[in-house]
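Student: I would like to learn how to read the features of a helical model with some care. Could you take me through one, giving the general idea before each case?

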Amino acid sequence: MTKSLEKYIFTINWNDELILGVEEIDNQHRKLADAVNENYKLYTTPTSENVLIEAMDKLINLFANHFDKEYEILEKYDVSNKEEQLEDHEKILSELCEIRTQESMPVLVKVIFINQILLYYLKEHLLKEDKESIMEIKAKRANS
Ligand SMILES: [Fe+2]
Ligand SMILES: [Fe+2]
């Protein structure tokens, strides 16, 4: 696999399209993207199991935290897709926890699976559900 294809699969390139216009949410998304990208070097260098577990837990907590904070804002503005958001966030979290607790799966595979799910969040969910919510929040803020 070429280096650029590998990077495309395992990381996210932060760009203007991902900045949705509500600063507190954008800042969190940026931090999530940085954290996911940071994990990339764990697959490419020899890493101990403990470091992998620590990185995996840190990432799960970071996303769980973001989901809570994002939902608080969605509730505050009572956006119309907030239930859909909640459902998607919960689905993602339960998948992460399911992978994390799989006994037969090697830790490195867990880390890669978890990173892929989080990349789905950043590459798909962010541009659909989050974007929809944020457009509504921006409209509501402009009218208040
Ligand atoms: Fe989000
Ligand atoms: Fe979301």
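Student: What is the mean pLDDT of the chain, and in which helix is confidence lowest?

Tutor: Where pLDDT is low, the predicted coordinates should not be read in detail. The term pLDDT stands for the predictor's confidence in each residue, from 0 to 100. Here the chain has a mean of 94, with 99% of its residues at 70 or more. Confidence is lowest in helix α1 (residues 3–10), where the mean is 85, and highest in α4, where it is 97; helices here are DSSP runs (H or I, at least four residues), numbered from the N terminus.

Student: How do the axes of α3 and α4 cross?

Tutor: Two packed helices are described by the angle between their axes and the distance between the axes. The axes are lines fitted to C-alpha atoms, for helices over the stretch in contact, and angles run from 0 to 180 degrees between N-to-C directions. For α3 (residues 49–76) and α4 (residues 82–101), the axes come within 11 Å and cross at roughly 170°. That makes the two helices roughly antiparallel, a label given to angles over 145 degrees.

Student: Which residues of α3 and α4 make the contact?

Tutor: Two residues are in contact if their C-beta atoms, placed from the backbone, lie within 7 Å. On the α3 side the contact includes M56, I60, F67 and L74, and on the α4 side it includes L86, H89, L93 and R100. The contact residues divide into 9 nonpolar, 2 polar and 3 charged, where Ala, Val, Leu, Ile, Met, Phe, Trp, Tyr, Cys and Pro count as nonpolar, Asp, Glu, Lys and Arg as charged, and the others, Gly among them, as polar.

Student: Which residues of α3 are buried, and what covers them?

Tutor: A residue is buried if 20 or more other C-beta atoms lie within 10 Å of its own, exposed if 12 or fewer, and partly exposed in between. In α3, the residues A55, M56, L59, F63, E70 and L74 are buried, and what covers them includes α2 (23–44), α4 and α5 (107–142). L74 counts as buried because it has 24 C-beta neighbours inside 10 Å, and, leaving out residues up to four places away in sequence, L74 touches V79, K82, Q85 and S133. By contrast, I73, also found in helix α3, is partly exposed, with 17 other C-beta atoms within 10 Å, and under that sequence limit I73 touches E24 and I25.

Student: Where is D78 found, and is D78 buried or exposed?

Tutor: Most residues other than glycine have a negative phi, and most peptide bonds are trans. D78 has a positive phi of about 45° although it is not a glycine, and D78 is found in the loop between α3 and α4. D78 is exposed, because 10 other C-beta atoms lie within 10 Å.

Definitions and conventions
Residues numbered from 1 in each chain as written. Chains lettered and ligands numbered in written order. Predicted model: local features only at pLDDT ≥ 70, side-chain atom pairs only at ≥ 80, totals over all residues. Parallel < 35°, antiparallel > 145°, perpendicular 65-115°, else oblique.
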